[in-house]
Amino acid sequence: MVAARPARPRAPRWRLESMADRRLGRLAIRIAALVLFIGIWQAAGDDSINLLFPTFTRTVSVWWDLVESGVLPITLLITNQTLFVGFLIVLVLGIPIGIFTARIKLMDKIVSPYLTFLVAIPMIAIIPVIQALLGLTFAARVTVVVLFAIPYVVINTAVAVRRVDPVLTEMAFSFGASRLMTLRDVVLPAAVPGMMAGIRIALGQALIGMVVAELTIVGAGIGSLIADLQGRFRVAPVLAVACSIVIEGIILMSLVEWIERRLGRWSKQ
Amino acid sequence: MSGKADAAISIRSVSKYYVSGNGKKTKALDSVDLTVNRGEFVSIIGPSGCGKTTMLKMVGGILGWDHGEVEVLGKAVEGPGPERATVFQSFALLPWMTVIDNVSFGLKVRGVAKPERYNIARGLLKSVGLGDFEHAYPRQLSGGMQQRVGLARALAVSPQVLLMDEPFSAIDAQTRLILQTDLLDIWSKTDLSVLFITHAMDEAVFLSDKVVIMGARPGHVTEVIDVDLPRPRNEATRRDSRFVELTGRVWDRLRGMITDPNADVAA
Ligand SMILES: Nc1ncnc2c1ncn2[C@@H]1O[C@H](COP(=O)(O)OP(=O)(O)OP(=O)(O)O)[C@@H](O)[C@H]1O
Ligand SMILES: [Mg+2]
């Protein structure tokens with residue numbers, strides 16, 4: 001038997017180095033942009049009265065006061081409870097619904113109109129309805145998060161499952177795999193990159209939903225803290241709280257992007 | 001009624017219709033007869049759309065038919081079975097799995113424990129010349145190497161009947177010649193019966209004991225050519241005048257169908 005020529009198992013060195021160089025270059029550009037942004041913010045700010053837009057340094061010091069007093073950590077905790085529970089429900093319900101939607105025609109017929117509805121209408125418009133149904137409760141806020149995010153998980157999961165190469169499922173079937181086995185060992189792994197893309201978009205939507213719910217369904221968390229501070233015209237704390245949410249959002253999104261890249265490595269190239 | 005005792009695959013008067021979305025019925029196969037004896041290597045060649053893949057899928061148990069009988073090793077086909085394995089044109093490897101996991105896939109489906117299936121897979125990877133690549137991913141391999149993995153995966157379940165649908169058509173011409181000899185090498189050491197689909201006439205003649213020529217609209221068998229070239233076959237076989245003659249004969253039969261797509265139906 002003729003031995004196959006050994007392929008290079010890893011990319012050659014120079015490619016790795018240039019990749020590292022590129023990464024460093026990207027980091028430098030990002031830092032430069034951030035410094036510029038902070039500089040402009042600092043110059044544009046005016047700390048003479050509370051009503052005006054605060055400087056960067058004042059925002060940071062106000063932020064630190066909020067952290068030290070424990071106000072910000074507690075509100076963040078409350079807010080994240082909504083996000084966490086809501087997003088968990090989105091995953092636990094959204095992924096199976098997506099799979100069934102892709103695999104069962106009847107399910108598709110039932111689910112699709114609602115998905116279109118949820119994606120097409122401005123979600124803010126149905127918040128009063130949720131409030132009327134569930135009141136100013138935790139459940140109401142979680143519901144808002146779920147409704148904001150779940151369509152993206154369902155749609156992307158369904159698309160990813162439908163796009164799985166039929167040759168792969170045929171292969172599994174020809175080896176005698178059951179439907180369940182084929183789903184577990186072939187269809188789901190093949191659909192993971194598409195599913196992760198949906199989960200990333202859904203997380204962004206869930207973050208928006210979380211703040212919107214708290215701003216409109218007043219009750220707890222960051223949203224109500226912002227509403228309260230705003231009512232007293234305290235611009236600097238409002239900004240500090242808003243920035244905290246933005247930073248949390250960036251961290252969570254980066255985390256999901258990282259997981260997405262790791263799980264989807266095989267689908268590149 | 002059961003076929004001849006020594007038949008690995010027996011297709012008798014099989015017809016098949018496809019029903020398209022708008023309800024239109026098209027006849028894909030018209031009363032096809034085909035026998036692959038045990039240990040035999042049989043190729044099917046014919047114009048695009050003549051129903052070669054359809055037939056192979058029926059034997060594989062992943063597609064039904066409308067009339068006639070399909071038997072494998074004397075038993076009517078009712079679905080996929082452990083005595084059959086398929087090698088796919090597009091390799092059909094799972095890109096997120098390493099080579100060894102791909103080769104073990106069929107064994108995993110059959111519930112073979114991991115150490116044992118890795119053992120079997122390692123042996124087969126060696127025999128297809130990929131002993132050093134068990135931890136590689138399919139995308140890191142060339143097309144020829146990927147199809148070696150596909151072949152190893154099929155052989156791993158120790159089938160008695162091997163079904164191959166244009167397995168080398170996505171592979172460059174030189175690598176393809178090497179794969180052909182390697183396939184014959186492996187086959188000669190087993191008692192595998194092979195049904196092999198191809199569009200390459202030299203490939204069909206080089207590999208087979210019998211070349212089945214099919215025509216289209218609807219698919220049917222036009223002729224079976226016995227290949228009496230001695231075995232083992234090697235590079236010298238390709239220069240043998242008998243090889244050239246047989247290849248020419250296959251081409252003569254096919255040429256008419258390709259230049260005039262309706263000539264074959266009228267006949
Ligand atoms: N799922 C299907 N639905 C409807 N018609 C089909 C389907 N699959 C195949 N056909 C038709 O049946 C006929 C035979 O198809 P088949 O794929 O078996 O041909 P083939 O000989 O393998 O062709 P090729 O050489 O191109 O691979 C073709 O006319 C094709 O259009
Ligand atoms: Mg085909």
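In chain A of this predicted model, A:Gln131 lies in helix H5, which covers residues 127-134. The relative accessible area of A:Gln131 is 30%. A:Leu52 stands 79 residues away from A:Gln131 along the chain, and 34 Å lie between their C-alpha atoms.

**Domains and surface of chain A**

Two domains are assigned to chain A: domain 1 spans residues 19-48, and domain 2 spans residues 63-268. Taken over C-alpha atoms, the centres of these two domains of chain A are 30 Å apart.

Chain A also carries a nonpolar surface patch of about 550 Å², formed by A:Phe100, A:Ile104, A:Leu106, A:Ile110 and A:Tyr114. The most is given to this patch by helix H4 of chain A (residues 105-120), which supplies three residues. Another member of the patch, A:Phe100, belongs to helix H3 of chain A, running over residues 71-103. A:Phe100 has a relative accessibility of 43%, so this residue counts as partly exposed.

**Chain B**

For chain B, an unreviewed UniProt entry lists residues 9-241 as "domain: ABC transporter". Over this stretch of chain B, 33% of the chain is helix and 27% is strand.

Helix H5 of chain B (residues 143-156) contains 14 residues. From the first C-alpha to the last, this helix reaches 20 Å, close to the 20 Å expected at 1.5 Å a residue. Why is H5(B) described as largely enclosed by the rest of the structure? The reason is that 13 of its 14 residues are buried, where buried means a relative accessible area under 20%. After H5(B) comes B:Ser158, which has a positive phi near 40°.

Helix H6 of chain B, covering residues 173-188, holds B:Leu184. Because its relative accessibility is 6%, B:Leu184 counts as buried. B:Leu184 and B:Leu207 are 23 residues apart along the chain, and their C-alpha atoms are separated by 6.8 Å.

The table gathers the values for individual residues.

| Residue | Relative accessibility | Class |
|---|---|---|
| A:Phe100 | 43% | partly exposed |
| B:Leu184 | 6% | buried |

Key. Residues numbered from 1 in each chain as written. Chains lettered and ligands numbered in written order. Predicted model: local features only at pLDDT ≥ 70, side-chain atom pairs only at ≥ 80, totals over all residues. Heavy atoms only, no water. Patch = residues over 30% accessible without salt bridge, like charges linked within 9 Å, V, L, I, M, F, W, Y side chains within 5 Å. Areas by Shrake-Rupley, 256 points an atom, 1.4 Å probe, with all protein chains shown as cover. Salt bridge = Lys/Arg side-chain N within 4 Å of Asp/Glu carboxyl O. Helix = DSSP H or I, 4+ residues; strand = E, 2+ residues; numbered from the N terminus. Buried < 20%, exposed > 50% of the residue type's maximum accessible area, 1.4 Å probe, protein only. Expected span 1.5 Å × (residues − 1). Domains from an automatic or database assignment. UniProt positions renumbered as here; feature names shortened; annotations may be inferred.
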